[in-house]
Amino acid sequence: MTINTRRQTYLAEKQDHRKELKHVKIDESVIEKVDKLSLPQKRFYRQRAHSNPFSDHQLDYPISPDHMDWSKLYPHFIDSEKKELTKEVTIADIGCGYGGLMIDLSPAFPDKLILGMEIRVQVTNYVEDRIIALRTNHTKENGYQNINVLRGNAMKFLPNFFHKAQLEKIFFCFPDPHFKQRKHKARIVTSTLLSEYAYVLKEGGIIYTITDVLDLHNWMVTHLEGHPLFERLSEDWESQDKCVSIMRYATEEGKKVERNKGDKYVACFVRLPIPEII
Amino acid sequence: MLHPFQSVLLNRDGSLLFCVVKNEIKAFKRDGNAYVTCGEWVDDLDKTSLIQEKVVMEQKRQLTENAAKKLKTNDGESVPQPKKKAKVPKPGVGAPPVYQYIRNLGLSRNGKMLLGCTDSDKAAVIFDIDLDNDKNILKLIKRQPYPKRPNAITTSIDDKDLILADKFGDIYAMPIQNDVVSSINEEQAPISGHVSMLTDVNMVKDSEGKQYLISTDRDEHIRISHYPQTFIVDKWLFGHEEFVSTVCVPEWSDKLILSAGGDKYIFSWNWKAGTLLFKFDYSDLIEKFLTDDHLAPGRFQNEQGNIIEYSVSKIVTLKNLPYITFFVEATKILFVLKVDVDTGSLSFHQSLEFQDKIVSLASAQDANTLCISLDNRENQEADLIKLLSLEGDKFVEQMDTNSNLAKTIRSALESDPVANVELDEIYPLYNSLSMRKHGEHFS
């Protein structure tokens with residue numbers, strides 16, 4: 001078998017699993033049917049690193065936050081009487097990539113719902129398969145029930161998913177640097193987009209950024225500091241925060257930079273209260 | 001043949017009529033039962049010098065970049081940089097035609113300035129309307145180029161700032177009286193932005209006098225932000241399932257706004273509460289007026305070839321009467337709906353069918369008058385513009401005025417080199433085709 005057909009067979013098999021298990025509440029009854037799932041192998045899901053945020057992708061997004069059915073993503077948190085989710089998503093990892101950050105955040109925030117958003121189809125599939133496998137393999141302790149991933153374009157449709165002031169934390173980990181000056185609007189942090197992030201974040205909520213590109217780090221810091229609704233948090237605060245250390249060492253990119261002994265630049269910002277309206 | 005008017009505009013009392021043909025604005029003044037020509041302006045900007053400037057700058061940039069790399073000979077001596085004169089690129093055979101549009105005419109709130117955007121240098125043009133000048137009432141006071149193609153303009157409530165939304169998704173506010181800004185993004189950052197093409201922009205004021213900016217985009221969004229604190233987004237109005245093309249702020253309500261676009265509905269909203277009040281389904285009304293123009297483009301068509309796509313171009317209102325008027329792009333029919341001001345519900349009131357397709361629609365708010373421009377391609381003798389006024393509670397054509405106006409227009413355009421064209425030189429009159437999303441990119 002050539003590599004290509006092996007990849008296709010592998011992906012087809014995973015897709016079947018995904019269809020069957022994606023929105024199922026995984027418990028002992030399911031476990032009897034499926035054997036212990038192996039974690040997905042990243043090499044079968046490779047996709048080029050860049051995606052054009054301006055193009056018309058084939059995307060699914062709700063008409064409004066009220067139209068979003070979260071219960072499919074977090075079946076473990078459904079109240080069996082009311083048939084409703086007991087809580088809403090409060091942590092978002094924008095551009096979650098292969099999902100490393102969420103997988104470490106999950107046990108650190110067991111009572112919070114965490115959502116990853118990723119624009120690349122294959123990478124999203126990988127994260128879904130990874131979460132299915134983790135949920136299946138940790139059925140006893142109900143592990144990884146509080147994380148899930150959506151394929152989407154957060155730059156265009158974030159307010160379609162989240163209500164005003166719904167989020168407590170937003171992560172931007174190793175975003176696409178878009179080096180060329182004419183591509184700067186494609187960056188995930190721009191002064192105009194920050195107003196949207198400020199809308200979905202509650203007062204006191206945190207934006208976390210980390211990158212290995214100094215130029216991008218300076219860009220993000222300049223724009224966030226320039227925005228009237230954000231204020232940078234001190235290095236002291238960073239050293240005390242558990243998310244910062246997870247962010248430094250948990251993501252795939254973070255590990256890669258660590259292996260290559262590269263630099264990692266962190267900056268965190270708190271969402272300020274809305275000033276008096278003039 | 002005469003080129004149809006792409007865009008028309010009436011001032012509040014209907015005494016002035018502005019029409020756009022290609023890159024020219026014509027102004028007409030009401031005189032009893034007739035209109036007389038009172039001004040014109042042609043956008044004759046030659047783009048080559050602008051392109052030349054850009055090319056020279058790019059060459060300079062490349063030269064400095066190369067100089068930094070220090071080209072050297074094998075002996076280690078530095079090679080002098082070749083200094084060719086920068087050439088302005090010319091479009092080759094088969095390149096898409098370049099259109100020198102003037103689009104989206106508007107008036108300042110006090111009616112003293114005419115605003116427009118040009119496609120040639122992506123500029124906003126602002127005119128003083130000088131009624132004392134007998135020859136030409138249009139006096140250009142400012143021409144401000146922008147980095148991306150402008151798509152919609154309005155002014156702040158106090159008329160001090162020009163607010164402009166571009167196709168790249170950015171919104172700029174600039175004091176009208178200030179000097180022209182040469183490099184916009186460095187000196188003047190956008191005040192707000194969407195990651196989508198902006199289609200319309202408007203302002204509202206609440207009962208306390210606080211201002212809000214409404215912006216609509218191709219991704220179904222209507223966003224309401226505080227103004228001038230545009231970094232505070234107040235809310236989104238969710239409900240559209242296709243692009244939004246027009247948003248309308250009626251004067252007879254302080255909470256209602258109306259919107260439409262690629263959906264088969266006219267939406268009525270309470271913008272203050274953020275609630276959708278009513279969706280008026282016009283699909284049955286429009287059905288028999290749809291033509292082959294409304295078939296989906298070939299590559300998005302099905303095997304039966306019966307996918308139709310249509311969209312509302314514009315909604316306009318009058319000052320005191322709770323009616324809205326709208327038309328669907330490339331149709332011959334104009335609809336009037338009645339609005340229940342308390343509940344926001346919409347009901348059919350009147351429809352008017354014309355001989356030709358409607359290109360553009362405007363209203364004289366204080367004079368209860370509507371104005372449409374018509375696509376005369378199949379019907380050279382027909383009127384290019386029709387005025388409609390309210391009699392009782394129905395709109396009727398102003399027969400006398402229209403025939404007088406038609407004469408004035410013909411004599412004004414007769415010897416005008418801009419307006420006299422061959423059939424294949426007519427600018428695209430219906431532009432919303434490309435706005436519909438077909439989800440072409442899968443990955």
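Me: In this predicted model, where does Lys386(B) lie, and is Lys386(B) buried or exposed?

Reply: Lys386(B) belongs to strand E27 of chain B, which spans residues 385-391. Its relative accessible area is 15%; the limit for buried is under 20%, so Lys386(B) counts as buried.

Me: Which side chain does the side chain of Lys386(B) join in a polar contact?

Reply: The partner is Glu397(B), and the polar contact between the two side chains is 3.3 Å.

Me: Which side chain meets that of Lys156(A) in a salt bridge?

Reply: The side chain of Asp219(B) does, at 2.7 Å from N to O. Lys156(A) is in helix H5 (residues 154-161) of chain A, whereas Asp219(B) is in the loop between strands E14 (211-217) and E15 of chain B, so this pair joins two chains. Both residues are buried. Lys156(A) and Asp219(B) also take part in a network of salt bridges that includes Glu220(B) and Lys437(B).

Me: With which residue does Asp366(B) form a salt bridge?

Reply: Asp366(B) pairs with Arg12(B), and their closest N and O atoms are 2.8 Å apart. Asp366(B) sits in the loop between strand E25 (357-364) and strand E26 (369-375), and Arg12(B) in the loop between strand E1 (7-10) and strand E2 (16-21), both of chain B, so the pair ties together parts 354 residues apart in sequence. Asp366(B) is partly exposed at 39% relative accessible area, and Arg12(B) is partly exposed at 30%.

Me: What about Arg436(B) and Glu309(B): how do their side chains meet, and are these residues buried or exposed?

Reply: Their side chains form a salt bridge of 3.7 Å, N to O. Arg436(B) lies in the segment after helix H4 (399-413) of chain B and Glu309(B) in the loop between helix H3 (283-287) and strand E21 (312-317) of chain B, so parts 127 residues apart in sequence are tied together. Arg436(B) and Glu309(B) are both buried.

Me: Which residues gather in a patch of positive charge on the surface?

Reply: The patch consists of Lys180(A), Arg182(A) and Lys183(A) together with Lys54(B) and Lys148(B). Lys54(B) is in helix H1 (residues 47-69) of chain B and is exposed, with a relative accessible area of 59%.

Me: How are backbone angles to be read, and what is the phi of Lys83(A)?

Reply: Most residues other than glycine have a negative phi, and most peptide bonds are trans. Lys83(A) has a positive phi, near 60 degrees. Lys83(A) is in the loop between strand E1 (78-79) and strand E2 (84-85) of chain A, and is exposed at 65% relative accessibility. Tyr144(A) likewise has a positive phi, near 60 degrees; Tyr144(A) is in the loop between helix H4 (121-137) and strand E5 (147-151) of chain A, but is buried at 17% relative accessibility.

Me: Is the peptide bond from Tyr227(B) to Pro228(B) cis or trans?

Reply: That bond is cis, with omega near 5 degrees. Pro228(B) is found in the loop between strand E15 (222-227) and strand E16 (233-236) of chain B.

Technical notes
Residues are numbered from 1 along each chain as its sequence is written. Chains are lettered from A and ligands numbered from 1 in the order in which they are written. This is a predicted model: local features need pLDDT of at least 70, side-chain atom pairs count only at pLDDT 80 or more; totals for chains, interfaces and linings use all residues. Side-chain values use heavy atoms; hydrogens and water are left out. Patches are made of residues with over 30% relative accessible area and no salt bridge: like charges are joined within 9 Å, nonpolar side chains (Val, Leu, Ile, Met, Phe, Trp, Tyr) within 5 Å. Accessible areas come from the Shrake-Rupley method with a 1.4 Å probe; for residues, only the protein chains shown count as cover. A salt bridge is a side-chain nitrogen of Lys or Arg within 4 Å of a carboxyl oxygen of Asp or Glu. Lys and Arg count as positive and Asp and Glu as negative; His and the chain ends are not counted. The place of a charge is taken as NZ of Lys, CZ of Arg, CG of Asp or CD of Glu. Helices (H or I, at least four residues) and strands (E, at least two) are DSSP runs, numbered from the N terminus. Buried means under 20% relative accessible area, exposed over 50%, partly exposed in between (1.4 Å probe, protein chains only). A polar contact is a pair of N or O atoms within 3.5 Å; within protein, one must be able to donate a hydrogen and the other to accept it, and residues adjacent in sequence count only if both atoms are side-chain atoms.
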